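Here's a quick tour of a ligand site and the pockets in this structure. Have the model open while you read.

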Amino acid sequence: MLVSQILKTKSDDGVVTVAPGTTVAKAAEVLSARKIGAVVVSADGKHMAGIVSERDVVRELGRRGPTCLSDTVDSIMTARVVTCTRAERADDVLQKMTDGRFRHIPVVEGDEMVGLISIGDVVKARLAELAMEKDALEGMIKGF
Ligand code: AMP
């Protein structure tokens, strides 16, 4: 299974982004309203400055308390974002996520972002694939 196939199973809403000057409070509002776990920080919606996940917000709240909510996202984001391409295999992307201990990965083409997948998207797609393989194998064994 390729990343491109996983992207096709997602609603084509594009990637949710916030501008670098956005406050942490506003980013938390976006995460909550969109029911997502991470938001890409980008000035133009295509080029990434970083990524902010719910973990970054909780970490800063735990460290510094609610004062962090009025800071801007660029002060708490991860700037070195690990990405993947449409042509990569889901298993390899899962490995990147496991090794890097993150659950979100933007999909890029050249230097532009074309999508974002979460560990939940990858696991869901792999489970569907495994179920299909199981049915096919059962069919072969039973002689269908
Ligand atoms: P997550 O598990 O995705 O909620 O993120 C855990 C931590 O990894 C947070 O500090 C994020 O900013 C960071 N992070 C999330 N996605 C990525 C990514 N694709 N590349 C690098 N860091 C990331």
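A quick term first: helices (H or I, at least four residues) and strands (E, at least two) are DSSP runs, numbered from the N terminus. With those labels, S3 and H3 each give at least two residues to the lining of the second largest pocket. Keep in mind that this is a predicted model.

**Who's around the ligand**

- The ligand has 14 residues around it, and the closest are Ser 53, Asp 56, Thr 78, Arg 103 and His 104.
- Sorted by class, this shell holds 6 nonpolar, 3 polar and 5 charged residues.
- Which elements give two or more residues to the shell? They are strand S3 (50-53), helix H3 (54-64) and strand S4 (104-109).
- S4 provides the largest share of the shell, with 3 residues.

- Asp 56 puts a polar side-chain atom 2.5 Å from an oxygen atom of the ligand.
- His 104 also uses its side chain: one of its N or O atoms there is 2.6 Å from a ligand oxygen atom.
- Val 82 works through its backbone instead, with an N or O atom 2.8 Å from a nitrogen atom of the ligand.
- How much of the ligand does the protein bury? Taken alone, the ligand exposes 480 Å², and 91% of that is buried by the protein.

**The largest pocket**

- For the largest pocket, the volume is about 530 Å³.
- Its lining is made up of 20 residues, with Lys 10, Ser 11, Gly 14, Val 15 and Leu 116 nearest the centre.
- Which strand gives the most to this lining? Strand S5 (residues 112-118) does, with 4 residues.
- By class, the lining of the largest pocket has 7 nonpolar, 6 polar and 7 charged residues.

Key
Residues numbered from 1 in each chain as written. Predicted model: local features only at pLDDT ≥ 70, side-chain atom pairs only at ≥ 80, totals over all residues. Heavy atoms only, no water. Near = heavy atom within 4 Å. Polar contact = N/O pair within 3.5 Å; in protein donor to acceptor, adjacent residues only side chain to side chain. Areas by Shrake-Rupley, 256 points an atom, 1.4 Å probe, with all protein chains shown as cover. Nonpolar A, V, L, I, M, F, W, Y, C, P; charged D, E, K, R; others polar. 1 Å grid on protein atoms, 1.4 Å probe; cavity = no way out; pocket = protein on both sides within 12 Å on 5 of 7 lines; lining within 4 Å. Points joined across faces, edges and corners; volume = space filled by probe spheres on them.
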